[in-house]
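Okay, thanks for coming, everyone. Let me put the structure up and then walk you through it.

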Amino acid sequence: MPLYVYEAKDPRHSCSKCRGGFEVTQRLSDEKLVSCPDCRSEIYRVIQAPGLTHSKTDLHYRAKRAGFHTLKKVNKGEYEKIY
Ligand SMILES: [Zn+2]
């Protein structure tokens with residue numbers, strides 16, 4: 001099943017779970033999440049390139065820790081990270 005990463009839209013309204021992003025395994029048929037299961041803050045799905053979705057040590061997290069990312073708005077409420 002595909003692994004998705006969600007992250008708080010507004011870090012000021014987030015908990016420790018969604019502030020830095022968290023992974024959820026969902027079926028393709030599942031609705032995407034719109035709020036954090038813990039704090040109910042609004043979240044968005046981080047679109048990842050194929051092949052980068054299997055590990056917390058993947059490029060997404062390494063790039064994120066290094067602070068290299070920009071957000072490009074691709075849809076209403078959906079953003080794509082460009083490295
Ligand atoms: Zn949260």
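A quick definition to start: helices here are DSSP runs of H or I with at least four residues, strands are runs of E with at least two, and both are numbered from the N terminus. What you're looking at is a predicted model, where local features need pLDDT of at least 70 and side-chain atom pairs count only at pLDDT 80 or more, while totals for chains, interfaces and linings use all residues. Residues are numbered from 1 along each chain, as its sequence is written.

So, the overall layout. We have two helices and five strands, and along the sequence they come in the order β-α-β-β-α-β-β.

Let's start with strand pairing, where two strands pair if DSSP finds at least two bridges between them. β1 runs antiparallel to β2, with four bridges joining them. β1 also pairs with β3, again antiparallel, over four bridges. Have a look at V5: its bridge partner in β2 is E23, and in β3 it's V46.

Now, how much of the protein is buried? I call a residue buried if 20 or more other C-beta atoms lie within 10 Å of its own, exposed if 12 or fewer, and partly exposed in between, with C-beta atoms placed from the backbone. By that count, 11% of the 83 residues are buried.

In general, nonpolar side chains in soluble globular proteins tend to be buried together. A nonpolar core, for us, is a set of buried Ala, Val, Leu, Ile, Met, Phe, Trp, Tyr and Cys residues joined through C-beta atoms within 7 Å. The largest one here has six residues: V5, Y6, A8, C18, C36 and I43. Its largest share, three residues, comes from strand β1, residues 3-8.

On to contacts, meaning two residues whose C-beta atoms, placed from the backbone, lie within 7 Å. Leaving out residues up to four places away in sequence, C18 touches Y6, E7, A8, C36, D38, C39, S41 and I43.

Last stop, the loop between β2 (22-25) and β3 (43-47), which is where you'll find R40. R40 isn't a glycine, yet its phi is positive, near 70 degrees. R40 is exposed, because it has 12 other C-beta atoms within 10 Å.

L33 lies in the loop between β2 and β3 too. L33 counts as partly exposed because 17 other C-beta atoms lie within 10 Å. Beyond its neighbours within four places in sequence, L33 contacts Y6, V24 and I43. The C-alpha atoms of L33 and I43 are 7.3 Å apart, with the two residues 10 apart along the chain.
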